[in-house]
Every structure is written in structure tokens, then in C-alpha cells.
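Q: I'd like to learn how to read a few features of a model, one at a time. Can we start with the charged pairs?

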Amino acid sequence: QVLAAFLAPPCGSFSIIDASVKRTESDPWGQLPQSSDKARQSITIGNKCMKSAIKIIQWLEREKVPCILEHPRSSRAWFLHFFRQLVKRRHIIVCDMDQCQYGTRWWKSTRLTCSRIDICNAPRLQLKCHKDSKGNCSKTHKPHIQLRGTHPSGVPWTSVAASYPRSMAKHVAFCLLEPYLYKYSYVKTLSNQWF
């Protein structure tokens, strides 16, 4: 039995960081001519992943299963007709958060499109950074790490920041599973470990 689902298709070519591909508000699928074979391949892979995620969401919506889809707040995926229509539904809640408020040293602004979660739990997924007069993080009171270049280990900073902070993951799990916390014993066990 599927109780809930969390989807996070790779942002890849939907990210504004990737300037090598052409996706626009009016052409979020990237149907315009691309500058290179690599860009076309990136668009193709990104579209396949996103179309798969959309099919899964459509099934979850039909079955009334709670779900959350995550993508960067600035992702060009939000311009897709499917998501523009989805967010108009009464049971959909859009939550914008900054991952620095959940324990990271980088800002990383993220959007969660949530279906069938309790609106009273939404504030858990809406913590935002209010930088001080020096531009420092309101949580750590230190400058944010910029996700450019490579980490001292040689790994790109964007790859280092790909994992969700544990605090964020706990809040997401709680919002998805809260309706079942008192219904199923195995969810109770999980809640004792996490929440």
C-alpha cells in the first residue's frame, strides 16, 4: 500500500544555473533549437524524467495519495502547463523554503508542491532566510557558502549540496505521514525514531 510519495526529478536542464540549454517561460520543454548536441541530450533526459514524474503525480492524484514534488524555486519546470494547472487545485499547497534554515551552510532556495497535506503542517516547510544587514544567514549568522566551483575534495559544490538536510527530510516525512501516525503500527515505529 502506498501511503505517500516524495518526488524530486533531477533539476539538470530545468535549472537556471545551466546556461547551455534554452528553456524559457513560454518554452519550458525546450522545443526551440539548441546550441549543441550536448544541450539537446540534456533537454531530452530532463524532459523524460519530468514526464515520468508527471505521470506518477497524475496516478497519485487519482488515488488521492499525499505527495510532494521538490524542485529549485527558480526552476523552469514551474512554467510547465501541468504545474500551472496543478497549483490551482484547492488541495495543493506550494511551500517555498531556504535550506540554510534546515542546517546547511548554503542558501539553496527550494519549492515544494504539496498535495493533500494538512495546511496546519505547512509552516514546517516554509522556513526562509532573512539575511542581516551584512548579508549573513539568519540561522547561522555567517555568510552563505556559494554553490560555485568545486569543493576542496574536488566534487562540484552543486553535487555536495544535492543531499537534503536531515531536518528538512524529517519535516517532509512528518507532513506526508502525519495522517497515518495513529493508524498504522509501522508508521508509529517510524515516528518514534524520527519525530
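Q: How many salt bridges does the count come to?
A: The rule first: a salt bridge is a side-chain nitrogen of Lys or Arg within 4 Å of a carboxyl oxygen of Asp or Glu. By this rule the count comes to seven salt bridges. Keep in mind that this is a predicted model, where local features need pLDDT of at least 70 and side-chain atom pairs count only at pLDDT 80 or more, while totals for chains, interfaces and linings use all residues. Residues are numbered from 1 along each chain as its sequence is written, and side-chain values use heavy atoms, with hydrogens and water left out.

Q: Which side chain does Glu61 meet in a salt bridge?
A: That of Arg89, at 3.0 Å from N to O. To place the pair, take helices (H or I, at least four residues) and strands (E, at least two) as DSSP runs, numbered from the N terminus. Glu61 then sits in helix α1 (residues 37–63) and Arg89 in the loop between α2 and β3 (92–98), so the pair links parts of the chain 28 residues apart.

Q: Is Glu61 buried or exposed?
A: Buried means under 20% relative accessible area, exposed over 50%, and partly exposed in between (1.4 Å probe, protein chains only). Glu61 counts as buried because its relative accessibility is 10%.

Q: Which residues are linked in a network of salt bridges?
A: Arg73, Asp96, Asp98 and Arg111. Look at Asp96 in there: its side chain meets that of Arg73 at 4.0 Å, N to O. That pair spans 23 residues, from Asp96 in strand β3 to Arg73 in the loop between β2 (67–72) and α2. Arg111 also forms a salt bridge with Asp96, and here the closest N and O atoms are 2.6 Å apart. Arg111 belongs to strand β4 (residues 109–115), 15 residues from Asp96. As for accessibility, Asp96 is buried at 14%, whereas Arg73 is partly exposed at 25%.

Q: Let's go inside. What does the largest nonpolar core look like?
A: A nonpolar core is a set of buried Ala, Val, Leu, Ile, Met, Phe, Trp, Tyr and Cys residues joined through side-chain atoms within 4.5 Å. The largest one has 18 residues, and Leu7, Met50, Ile57, Leu69 and Phe83 have the most contacts inside it. At least two residues come from each of β1 (5–7), α1, β2 and α2. The largest share, five residues, is from α1. There is also a second, separate core of 14 residues, including Ile93, Met97, Tyr102 and Ile117.

Q: Which residues does Phe83 touch?
A: Contact means heavy atoms within 4.5 Å. Leaving out residues up to four places away in sequence, Phe83 touches Met50, Ile54, Ile57, Leu69, Ala77 and Trp78. Phe83 lies in helix α2 (residues 81–86) and is buried, with a relative accessible area of 2%.

Q: How many disulfides does the structure hold?
A: A disulfide is a pair of cysteine sulfur atoms within 2.5 Å, and the structure holds zero. For Cys67, the nearest cysteine sulfur is that of Cys114, 8.6 Å away. Cys67 is buried, at 4% relative accessible area.

Q: Why is the sulfur of Cys175 too far for a bond?
A: Because the closest cysteine sulfur, in Cys114, is 7.0 Å away. Cys175 is buried too, with a relative accessible area of 1%.
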